[in-house]
Amino acid sequence: KRMLEQLEKLENRYQELEEFLASYDVISDKEQYNKYAKELSGLKEPVSLFREYKKISKEIDDLIVVLKEKHDKEFTELAKKELQDLEGKKADLEQRLKIVLTGEGEDIGKDVILEIRQGTGGDEAGLFAADLYRMYTKYAVNKDWSVEPMSVSSNEAGGFKEVIFSVKGKDVFKRLKFESGVHRVQRVPTTEAQGRIHTSTATVVVLVEPEEVDLVIEPKDLRIDTYRSSGPGGQHMQKTDSAVRITHIPTGVVVACQDERSQLKNKNKAMRILRAKLLDRKIEQESKKLSEARKTQIGSGDRSEKIRTYNFPDRRVTDHRINFTSHRLEAMLEGNLDELSDALLKATQEKKDEPRTF
């Protein structure tokens with residue numbers, strides 16, 4: 001019922017946008033026109049599917065009324081066959097609507113921003129975060145994607161406290177969307193003299209990179225601070241306040257960038273990360289409202305969920321959400337992730353194919 005209410009709202013908004021785009025005021029304002037046209041384009045698929053869904057639902061209701069009346073056997077058999085066909089079409093439309101409403105269809109062609117943070121395990125966790133960064137960048141090379149570092153915070157052991165980078169290319173979101181969650185490593189740290197196996201973790205967050213029109217951020221909602229970067233010393237010592245910290249006042253989300261020597265470049269990168277985080281926050285809030293739709297997801301979707309274990313002694317990688325295990329640990333760390341990605345995509349499709357009702 002909640003999903004149908006949401007679809008009614010989308011249809012009303014679609015009609016409203018059609019009226020806006022026909023008005024002289026909007027047509028004469030190119031920026032406004034483009035904004036509304038993009039929103040209308042984004043609503044076209046769910047609205048057309050919903051209209052088809054309503055049409056078929058009415059045909060089913062009408063046919064049920066007809067079947068309740070007395071008819072000859074041949075007519076009844078034909079009507080029952082038609083009813084069966086219509087029920088099948090309706091079920092297919094329900095599935096397609098759920099995919100669109102959970103944002104999967106909308107985001108499928110988008111680029112992403114990945115954030116990897118060291119978790120429990122001190123320096124070893126930071127080294128593991130660096131291993132994951134290397135794994136994803138090698139995977140990007142294998143897939144002919146482009147990687148752009150955005151923010152890096154290193155630890156003393158040569159690992160990462162945090163690393164943020166964007167990945168652009170064909171099927172980036174489709175392939176990387178399953179990586180959000182806690183990744184766990186079991187191995188003997190290089191610093192461990194006794195040769196004991198330690199367990200450490202790193203957290204990965206995959207954010208869709210929105211376009212500016214996808215999310216409007218009001219300048220009055222931002223506090224922007226500049227400070228001196230804590231970069232390399234010597235001749236590269238920063239002599240200007242090029243590092244940028246942006247706080248989104250309504251939500252309290254804070255983003256900082258200091259890797260570029262240009263304050264403007266740091267600000268632009270920080271804004272991209274902030275926009276992605278705010279959109280992610282918005283999507284998560286909407287997903288909670290659509291709890292039924294979350295049943296089609298692999299895993300809980302919770303960022304604190306342990307999704308995968310990398311076991312070095314057994315050269316084993318296990319994805320706990322789909323009970324997938326591979327003994328090609330080295331190959332995966334070298335960026336050969338298609339085997340795992342294919343298994344996750346297949347499991348997601350199978351979950352979607354399970355019969356469900358509104």
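Because the model is predicted, local features need pLDDT of at least 70, side-chain atom pairs count only at pLDDT 80 or more, and totals for chains, interfaces and linings use all residues, while side-chain values use heavy atoms, with hydrogens and water left out.

To begin with the overall picture, the protein has ten helices and eleven strands; helices (H or I, at least four residues) and strands (E, at least two) are DSSP runs, numbered from the N terminus. Of its 358 residues, 41% are buried, where buried means under 20% relative accessible area, exposed over 50%, and partly exposed in between (1.4 Å probe, protein chains only). The protein exposes about 20,100 Å², of which carbon and sulfur atoms supply 49%; accessible areas come from the Shrake-Rupley method with a 1.4 Å probe, and for residues only the protein chains shown count as cover. A contact means heavy atoms within 4.5 Å. Among contacts between residues at least 6 apart in sequence, 62% join residues at least 24 apart.

The strands of the opening pair belong to an open sheet of three strands, in the order β6-β7-β8 and with antiparallel pairing. Two strands pair if DSSP finds at least two bridges between them. At the edges stand β6 (222-227) and β8 (253-257), each with a single partner strand, so one side of each is left without a neighbour in the sheet. From one strand to the next, the twist averages 15 degrees; axes are lines fitted to C-alpha atoms, for helices over the stretch in contact, and angles run from 0 to 180 degrees between N-to-C directions.

Strand β7 (residues 243-248) is joined to β8 by five bridges, and six bridges join β6 to β7.

Attention now turns to the nonpolar cores. A nonpolar core is a set of buried Ala, Val, Leu, Ile, Met, Phe, Trp, Tyr and Cys residues joined through side-chain atoms within 4.5 Å. The largest one holds 37 residues, of which L114, I116, L132, Y136, V167, L176 and Y310 touch the most other members. Elements giving two or more residues to this core include β1 (112-118), α6 (122-142), β3 (160-168) and α10 (338-353). The most comes from α6, with nine residues. Leaving aside neighbours within four places in sequence, L114 is in contact with residues that include Y136, V163, V167, L176 and V205. A second, separate core of 20 residues includes V244, V255, A270 and I273.

Strand β5 (residues 198-208) contains T201, which counts as buried at 9% relative accessibility. Not counting residues up to four places away in sequence, T201 touches Q118, G119, T120, A125, F128, V182, H183 and R184.

A search of the whole structure finds 28 salt bridges, a salt bridge being a side-chain nitrogen of Lys or Arg within 4 Å of a carboxyl oxygen of Asp or Glu. One of them joins E148 to R272 at 3.0 Å, N to O. Because E148 lies in strand β2 (residues 146-154) and R272 in helix α8 (residues 263-289), the pair ties together parts that are 124 residues apart in sequence. E148 is partly exposed, with a relative accessible area of 26%.

Another salt bridge joins R308 and E179, with the closest N and O atoms 2.7 Å apart. R308 sits in strand β9 (residues 306-311) and E179 in the loop between α7 (172-176) and β4 (181-187), so that distant parts of the chain, 129 residues apart, are linked. R308 and E179 are both buried.

A network of salt bridges links E115, R117, E162 and K277. Within this group, the side chains of R117 and E115 meet at 3.8 Å, N to O. R117 is partly exposed, at 39% relative accessible area, whereas E115 counts as buried at 7%.

Notes:
Residues numbered from 1 in each chain as written.
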